[in-house]
Structure formats: structure tokens, C-alpha cells
Amino acid sequence: MLIQQFVNGLTLGAVYTLIALSYSLVMGILGVLNLAIAELFMLGGYFGFAVVLAQLPLPLALIAGMAGSALVAAIIERVGYQPFRTAPVVTPMLSTLGFSIILQNVATNIWGSDPLQLTEEVFAERFNFGPVSISAIQLTVLGVTIVLVALLAFLVQRTSIGRALRAVAENRDVARLLGVSAGRTTLIAFMLSGALAGAAGVLIGLHYAAITPYIGVEIGLKAIAVMVVGGTTRIWGALIAGPLMGVVEVMTVAYGGSQIRDFVVYGFMILILLLRPQGLLGGSGRNQDQRV
Amino acid sequence: MYYAGILADVGILVLGALSVYIILSTGQLSLGNAGFMGIGAYLTSWLTVQAGLPLTPSLLIAALAAGAIGVVVGFPALRLKGIYLAMATLGFGEMVRSFFLNFSAMGGPEGFHGMQHVSTGTIWIWAILVLVLVMVLETSQIWLEIRAVRDDETAAGLVGLNATSIKVGAFGFGAAVAAIAGGLFAHHHVYIEPGNFSFERSIDFVLAVILGGSTVAPGALAGAVILVVLPEYLRFLADWRFAAFGALLIGMLVVRRQGLLDRALLRLARPSSPA
Amino acid sequence: MSAMMETPPRLQLDRVSKLFGGVHALTDLSLQVAPRQIVGVIGPNGAGKTTTFNVITGAYRASSGAVMLDGKAVTDEPSHRIARAGIMRTFQNIRLFADMTVWEHLLVAQPPTGSALQRLLPTRLANPLAIHRAQEVLEFFELGEVRNRLARSLPYGLQRKVEMARAVTARPKLLLLDEPVAGMNHDEAETIRNLMLKLRDDGLSILLIEHDMAFVMNLCDTLYVLDFGVLIAQGRPDEIRVNPTVLDAYLGQAD
């Protein structure tokens, strides 16, 4: 029933939030749409699975996913972004597209294109609050997301790294004058976004107890819609848009059928692009200043 | 038989790549042309199977319809620039695919069949016709205007060019060409399903243009050949050919951003060409 | 000078203001350009001269006031329609099209003649008028030798000529030149000066922004002096040269 679907939607929304934040970090700071994030999300899931299947503790899976994806993201930044940092932003976007193609091929070759499954569901216990039943894994997804978002917020607002990120978001040249190394900062931005996407991958993999090389395209791409709805110039828009879109999608599946879910999600995105391109949280629309 | 299959794929990819090229010529990157291809595929199939029309008029009607949709969709969308437009077109392509998934009148997820098979030769006749048409168009006034809009939209406006109508027109034209690719695809494979018109298909078109040459029409042909024929020669790469293409894309962007063919190269091949 | 005219002036700005946020880039600016007149707009840096051009061509929307061409208001028209109505401009930092030859610049700037179909057909076959006009402009500006060179690869002085040639191709009524001789040596500037005089004699009105005082004095029929977006003086060059308000404004500039 409704509340149950709402809870399910929030879970999906939490994953969307993480991936949308990932897109938003790079987009907000560099203006680049990193299409490889969808595959960093997918890879994170595989890294996490590798840990779980090796009977190692779950927190390690999360770390493996985040670290692994952050590392790959660093490679993408050096090889796929740096050569194009002065080119029009569509060029590095195409370059990240190249990487996403490579990464998906690599995953398919290493792990096969059939779903990789956990033999038993992790955290399968369910808790019942009246009419609502929520599983431990759903709680884990929500909990981990909240923690990661809080950490990111702290990082961005209270640390020198965060200041550097915000400085580069304002203006690369000014940032350089202020002594902020733009190259190192973009590397950090990429790695942070990789870590977030990787975490999302681990979470979704544990939630579904299965992973395929195609979840990047199935779920990761839709997070672009979440970023747009939240507002590409304000990364915190993802906090609102993630749960919103997650709930919208789950409700659509529950009441309209799973065939039109993408139609609704992307339809929402296009509506926002046309009517309020700055997104729900994007301010007056003229204010391009506050990006992070 | 096998080579006919490959040749057919190249032909369809040429048309798809041309559709992206036409739109890219005004400076807009479309990541959703598979959507127009799907519209063309389904509409053409409906016209031949349900309405009993012959292929050619069906293709033309579908092209016109897709072109009209392209104009209607393009008009508000082309207020967006660069990455925002790319995202909108991505969304559009996915929406079309999702629409047909839900469109049970033409099979929904089970797909649609019943089309009459069309030969590789027919596909190539269309591909060559459209390619030549675009190449002729490239010598026209409107193409100079298109190039001006791509270069510097503001300066183009100040010389009297209506950038919006040029961009919207190109979008519609590209949509029409993608629809023709779809109609031919449907009649060659005699079975279509929404999964044929996914984001990956849109990316194939973009890949062909970027690799083959994004500033001249024959680039679409070169790119299509590269994408389909190269894996046949790189059999040892069989499992890794997608990764190879990804690497090739990145490499091309670094080394030769305009792709394989460009105006300078073509001028060398044609000794007697004026400006 | 501003006597009642039988025919409306070629260009008339009527108390035009332009605000950016709270900043007044232009305040109540009125000016006129008559047919076959060369008018100069001068003033210290940041006075609002380029802003004036941007308002006239529709790149900026006037916050208040009117811009009129031959008596008809063009104030809120989109840029391309203002251009087609007969106002063309050049830019302070030259804006030529990236991959186009000089010849292609002259072709693309053609006025719309004939049907839409003509624009779709190969230019060489379907558009003799365009070719003829482009050839005409090419010869007028003596650019024949560099006809097939990429415009951006030309030396600076020639690029400025190409930009002017492009602007003139569609036979505009009014030409806005933004610092047309900036960075040029004396001979190059002379060439431009003569071209402008020839254009004026052919019937074109010219509105000119320039910092080179000698150039302006020798050329303009009227000068308008702006400072901080406000018109502080107008008149003949010899009057302006000794105008105390103008001298103040310029001396106040720590250049």
C-alpha cells in the first residue's frame, strides 16, 4: 500500500541521491557531465560484491566499493578530463562517454553479463512498524546515505578541501590566483564523486542481492534526471530530488506499470529543463554563482 | 549472406550517423536520435503492415512525421545549450523507448513483426541518396548559415541569420533522417522491439560521427564503416572491441578532435575544388 | 543641428537607458545619425559606448527609451531582425567565423533574395546575385588576393577589413563600427578612413566608436561624448575638442 511504496521509494531515492550528488559534484564544479559515473556506480557494486563473496565483513565491502571507484575516477580525471579542460565542455563529456564504454566492457569480460548473485540475502530481517515493513538492508541504505551526505556536507563547508572545491566552482582563474591548485582540486572532485557513486553501487547491489554490468545504464543514467530536477547548480538539490524521484518512480511502477517508469522520470527531467532549468533548488535562475 | 548482414548494418548506421551529423552541424549534440529512429521504425512498420502502404511512401511519411516531432520537440529544447541540450535529448530518447515499451498496440515489450524483408541494396540506395543530398546541401547558402550559427551564434544573428529557426530546422531534418534509418532497420530485421532503440543506439550514432569526422557528411560514412567493419578485422579483440572503441573515441578526441575526415582532407582528394 | 527634419533621421535614440541590476550603464541617451553622415561616439573607458551599440543591435534590451531606424521603432526586435532591417556592426574584438574563408564570409552575409528553395540549392548555380554582390564587396575592400584564405588566419588589419566587408555585404543603412582602427598603424588606418568615406558617399550612415582622437576629428560630422553612461557633450569635432566638460572627463581618467 501507499506508505510501503513510499518507504521503498525512499530507499531507491537514497541511492539516486548519492549518484546525483556524484554527477553534481563534477557538473557543478567543472560544468562537465561525467557520463562514466553510471559505470563507476556499477563497478562499485562489483567491488563490494567481490568482498562479500570472499566472506569479508560488510563495512569492508562499502570501503572497497568507494575506494575502487574513486581510484578509477582518478584515472578518468587524468586521462579523460585533463587533456580537454580548456575545450568546450561537450568534449570532456564525450571523453567520459568513451570511458563508460570501456568500463562496461571490462566489467562484462571480468564478471560476465549474467547477474552476479548473493547466495543469501544480506540483512534480510524485516522490521514492522504497523502497516509498514522495512528490511534491515533498506535501513542500512538509508543510514549509510545519510552518513555519507553528512560527511560530504562537512567536507564541503568546513574543510580547506571543501573551500578549494567551492573556489574552483566560482572561477578557475581566481582560484589559481588564490593559490588553489586547480588540477589537484579537480582530481579530488572526481575521486569524491567516484566514491559516492561506488558507495551507491554497493548499496544497491546489497539491496537487490544481485548485480549486472547494466545497472549503470538502467539506474545510473536516471540519476542525471535527479540531478537536473534538484538543480545542477546546487548540489544539495539532490537531497530533495533523490527521494522525490525515487518515490515518483516506485509509485509509477506500483500504479502505472513498470513499462512507463522511465517515461515519467525523464519526462519530469525535461519538464524541469524547459520550465525551470535551474532545478527545484536552483534559486532565481539568474544566479549562477552558488554552485557547491 | 553474412557480409550482406554487415553491409546492411553499415548502411543503417550511415543514416543514423548522418542524423546526428546534421544536428551537430548547428553545434547541438543530440544523444537521443535513437528515439527518432524508433519513431520511424514503428510508424513505417505500422504503415506497411497495418495500412498496407508500399515501403517508399511509408518511409517518407514516417520521415515527415518524425521531422515534425523533431521541430516541435526542438523548438523549446534548443533554448538549452551544450550539455543541457544533450541531457534533454538523452531524456527524450529514453522517453520514446519507454513509450513503445508501454504501447501494447504495437507489441509493447514483445515487439512487433510482420514487415516485408527489404534487401541490403535498398538500404544502401537510401543511404547513398541521403548522403548525396546532404553533400549537395553543403554547397548551399543554408549550409553556410548553419556553419555560421555553429561557430558564433551571436555574430550570426547580427549578420541577419535567424539562429533559432536554423537550429530547429536542422533538428527536424536530422530527426527525419533517423526515422528513415529506423524504417529500413525494421524492414531488414523484420522484427523490432523497444530495446533496439536505446541509449546505446544513440551512442553508436554519435560514436560514428565523432570517429569518422564531425565536420563533413562523408564522415558519417567513414565512421559507420569503422564501427562495423573494424571489429571484423580485429577478431583477436572480439571480447574487447567495445573497450577498443571507447579507447579509440578518447584517442581521437585527443589527437584529432574533428575525426578522421575533415574539409582539408577532402579538398586534397578533390583536385579541382573551389572555395 | 537638431532642427526639424522632413524625413526622419536614419538612426534615432530617444532617451535610452540601460540598467544592469542597479547599475546605470546608460542614462537617458539621445542621439541621431542622419543619412550619409559619419557620427562618432567617444568617451573614457567604461563610458557605455559598446553598451550603446549592443542596445541598438538588440543584443541588450533597452530598459527604457526607444531606438528608431528611419522613424520606425526597432527597440524590442530580436537581433537578426534588426540586422535585416539594415543595421550591421563590427566588434571591438573581431568576431569572424572560425572555419570560413573570406569569400564564405561574404556569401553568408547576403541579404535574403528569392525563395527559400534558392537557399537550399548549390550557391554557385542558384544564386548569381549573391555571387555578384560578394564579388563586388570583395573588390571594394581589395580583398581579392585573400579570397580563399581562412579569415582568421589573416593578419590583424585584413581581419578588420573582412569584418567590415561582411557587415557591408547586405547593403545596410547604418553601419556600427566598434574601434575599427584599434591597433593599426597610420597607413592601415588611412585605408580604413578612405573606405569609410567611400561608403558614406555611397549612401551609408556610419556610427563609430573610437579612441584614436586624430582619426575621429578628421572624419566625423558630429561627435557624441559619453561619460559613465551619460551624454556630456555633442557637437562638431572642433567644438568638442575645446569643450571643458569633455576635457575634464578625459583628464579624470588615469590612463
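**The H2(B)–H9(B) crossing**

Tutor: In a right-handed crossing, H2(B) passes H9(B). The model is a predicted one. Two packed helices are described by the angle between their axes and the distance between the axes. For this pair, helix H2 (residues 33-50) of chain B and helix H9 (residues 199-212) of chain B, the axes come within 7 Å and cross at roughly 110 degrees. Angles from 65 to 115 degrees count as roughly perpendicular, and H2(B) and H9(B) are therefore roughly perpendicular to each other. On the H2(B) side the contact is made by Asn33(B), Ala34(B) and Met37(B), and on the H9(B) side by Phe199(B), Arg201(B), Ser202(B) and Phe205(B). Sorted by class, the residues in this contact of H2(B) with H9(B) are four nonpolar, two polar and one charged.

A helix pair in chain A can be set beside it. Helix H1 (residues 2-30) of chain A and helix H10 (residues 222-230) of chain A have axes that come within 8 Å and cross at roughly 70 degrees. That angle makes H1(A) roughly perpendicular to H10(A). Their crossing is right-handed. H1(A) contributes Tyr16(A), Ile19(A), Ala20(A), Tyr23(A), Ser24(A) and Met27(A), which meet Ala223(A), Ile224(A), Val226(A), Met227(A) and Gly230(A) of H10(A). Nine residues of the contact of H1(A) with H10(A) are nonpolar and two are polar, with no charged residue.

Chain B also touches chain C, in a contact that takes 21 residues from chain B and 28 residues from chain C. On the chain B side, the elements that give two or more residues are helix H5 (120-137), helix H6 (141-151) and helix H7 (153-158). H6(B) gives the most, with seven residues. By class, this side of chain B has 10 nonpolar, seven polar and four charged residues.

Chain C itself has an open sheet of four strands in the order S2-S1-S4-S5, with antiparallel pairing. Strand S2 (23-33) and strand S5 (72-73) of chain C are at the edges, each with a single partner strand, so one side of each has no neighbour in the sheet. Strand S1 (residues 11-20) and strand S4 (residues 64-69) of chain C run antiparallel and are joined by five bridges. Ser17(C) has Ser64(C) in S4(C) as its bridge partner. Helix H1 (residues 49-56) of chain C lies across S1, S2 and S4 of that chain and runs at about 70 degrees to S2(C).

Note on methods
Residues numbered from 1 in each chain as written. Chains lettered and ligands numbered in written order. Predicted model: local features only at pLDDT ≥ 70, side-chain atom pairs only at ≥ 80, totals over all residues. Axes fitted to C-alpha atoms, helices over the stretch in contact; angles between N-to-C directions. Parallel < 35°, antiparallel > 145°, perpendicular 65-115°, else oblique. Left-handed = near helix turned anticlockwise from the far one by under 90°. Contact = placed C-beta atoms within 7 Å. Nonpolar A, V, L, I, M, F, W, Y, C, P; charged D, E, K, R; others polar. Pairing = 2+ DSSP bridges.
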